[in-house]
Amino acid sequence: MPGIACFERASPALKEILLKLHRSEKPMELDHHLHEFGSVEYHIQSSASDQYKTYLSISTPLLSHGGQLSYGLPLSSIELVKGLCSDAVEIVEPAREGYQLTLKLDFAKIPHGKDSVKIITQISTVQAVILSSQLKELLRNVSSQDASQGKYKPIKLVYHPREPFFVIKQPAKITTVFPMRFKENTDVIIATAFFQELMDVGSSEAWTEAPHCTWSPIPPPELRGELLEDLSTNGGFVTFADETGKQCTRGFIQRRMRNRLESLVQLLHKENLKDEQNVKKVK
């Protein structure tokens with residue numbers, strides 16, 4: 001989906017580990033657990049007795065419709081994973097205990113040089129491939145149109161327990177609404193500044209081809225009638241309206257977010273200097 005282009009599909013940490021294994025001149029013994037986003041886990045296993053074979057197991061929350069959580073990978077996801085690099089990737093069945101998917105990677109079939117980076121980057125997108133394929137499947141199978149009233153109802157999707165988001169399908173547009181929840185008050189302050197920056201960026205000429213983004217402290221009109229517990233947030237609601245054919249300029253967003261963060265850091269630094277000067281005057 002175009003909106004997904006906003007985010008890094010390949011796991012940087014997983015990519016780094018796999019590249020290190022592939023480039024190693026000597027066989028490496030490795031049994032490493034890698035955690036990302038609080039709930040995604042990779043288990044990378046490599047034996048010194050067989051330097052070309054590496055096992056990669058993935059545990060990830062699975063997208064579900066409504067409140068029914070999914071536990072097994074759909075066939076569509078498995079087929080897409082097989083296509084990541086059919087020569088060098090083999091799905092191990094059954095998967096290792098505690099994981100939804102285990103892959104056997106054959107580094108002997110991955111050439112060295114620039115091609116190796118491209119192939120391993122592709123393999124490192126496995127979690128994003130699983131998530132995006134589930135989303136496409138759900139949107140394909142779940143009808144969001146209320147035929148009797150001619151309206152488009154939100155599709156409630158669950159990735160983390162008690163943290164749903166909503167997708168509204170229309171003929172020429174897909175609207176996605178994320179209720180934002182944060183544990184720390186400082187996170188709320190920083191995130192709010194980022195969301196406001198996204199809105200400023202979205203209204204600029206340089207971002208006319210990207211999905212329209214809005215932030216609001218209250219639920220948008222599209223979510224009227226949804227359960228109150230699903231709409232209880234401390235960070236407001238971020239909405240992306242993605243029209244058919246639009247692409248998101250991830251690099252542009254990242255630059256603006258980095259600039260915004262730097263300005264916040266500078267502001268905090270100035271406030272700290274003022275506090276220190278006031279303390280010295282009092283002394």
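This is a predicted model: local features need pLDDT of at least 70, side-chain atom pairs count only at pLDDT 80 or more; totals for chains, interfaces and linings use all residues.

Reader: How many bridges join strand 3 to strand 6?

Author: Six bridges, with strand 3 and strand 6 running antiparallel. For a landmark in that pairing, look for Leu56, which stands opposite Leu103 in strand 6.

Reader: Which residues of helix 1 are buried?

Author: Leu14, Ile17, Leu18, Leu19, Leu21 and His22.

Reader: What do those buried residues pack against?

Author: They pack against strand 1 (30–36), strand 2 (40–47), strand 3 (50–59) and strand 6 (101–106), and also against helix 3 (114–123).

Reader: OK, new topic: loops. What's in the one between strand 5 and strand 6?

Author: Pro94 is in that loop. A cis peptide bond joins Glu93 and Pro94, with omega at about -5 degrees. Tyr99 has its place in the loop between strand 5 and strand 6 as well.

Reader: Is Tyr99 buried or exposed?

Author: Tyr99 is buried, because its relative accessible area is 15% and the cut-off for buried is under 20%.

Reader: What is Tyr99 in contact with, neighbours within four places aside?

Author: Its contacts are His33, Glu41, His43, Ser57, Ile58 and Ser59. Take His43: Tyr99 and His43 are 56 residues apart in sequence, but C-alpha to C-alpha they are 8.9 Å apart in space.

Reader: Where does the charged end of Arg96 sit?

Author: Over the ring of Tyr55, 4.6 Å from the ring centre.

Reader: Let's do aromatics. How many aromatic pairs does the structure hold?

Author: Two. In one of them, Phe165 and Phe178 have ring centres 5.2 Å apart and planes at 20 degrees, so that pair is stacked.

Reader: Which strands are those two in?

Author: Phe165 is in strand 10 (residues 163–170) and Phe178 is in strand 11 (residues 173–179), so the pair ties together parts that are 13 residues apart in sequence. Phe165 counts as buried because its relative accessibility is 12%, while Phe178, at 30%, counts as partly exposed.

Reader: And the other pair with Phe178, what's its geometry?

Author: Phe178 and Phe240 are edge-to-face, 6.3 Å centre to centre with 80 degrees between the planes. Phe240 lies in strand 13 (residues 237–243) and Phe178 in strand 11, so this pair ties together parts that are 62 residues apart in sequence. Phe240 is buried, with a relative accessible area of 18%. Ring pairs link Phe165, Phe178 and Phe240 into a cluster.

Reader: Back to strand 10 and strand 11: how many bridges, and how many residues between them?

Author: They pair in the antiparallel sense over five bridges. Strand 10 and strand 11 form a hairpin with two residues between them. Within that pairing, Ile168 stands opposite Thr175 in strand 11.

Reader: Where is Ile155?

Author: In strand 9 (residues 155–160). Ile155 is buried, with a relative accessible area of 2%. Ile155 and Lys169 are 14 residues apart in sequence, and their C-alpha atoms are 8.1 Å apart in space.

Reader: Last one, zooming out: how many helices and strands are there in the protein chain?

Author: Six helices and 13 strands. Of the 283 residues in the protein chain, 40% are buried. Among contacts with a separation of 6 or more, 59% are between residues 24 or more positions apart.

Terms used: Residues are numbered from 1 along each chain as its sequence is written. Side-chain values use heavy atoms; hydrogens and water are left out. Buried means under 20% relative accessible area, exposed over 50%, partly exposed in between (1.4 Å probe, protein chains only). Helices (H or I, at least four residues) and strands (E, at least two) are DSSP runs, numbered from the N terminus. Contact means heavy atoms within 4.5 Å. Rings of Phe, Tyr and Trp (its six-membered ring) pair if their centres lie within 6.5 Å; planes under 30 degrees apart count as stacked, over 60 as edge-to-face and the rest as tilted. A charge sits over a ring if NZ of Lys or CZ of Arg is within 6 Å of the ring centre and within 35 degrees of the ring normal. Two strands pair if DSSP finds at least two bridges between them.
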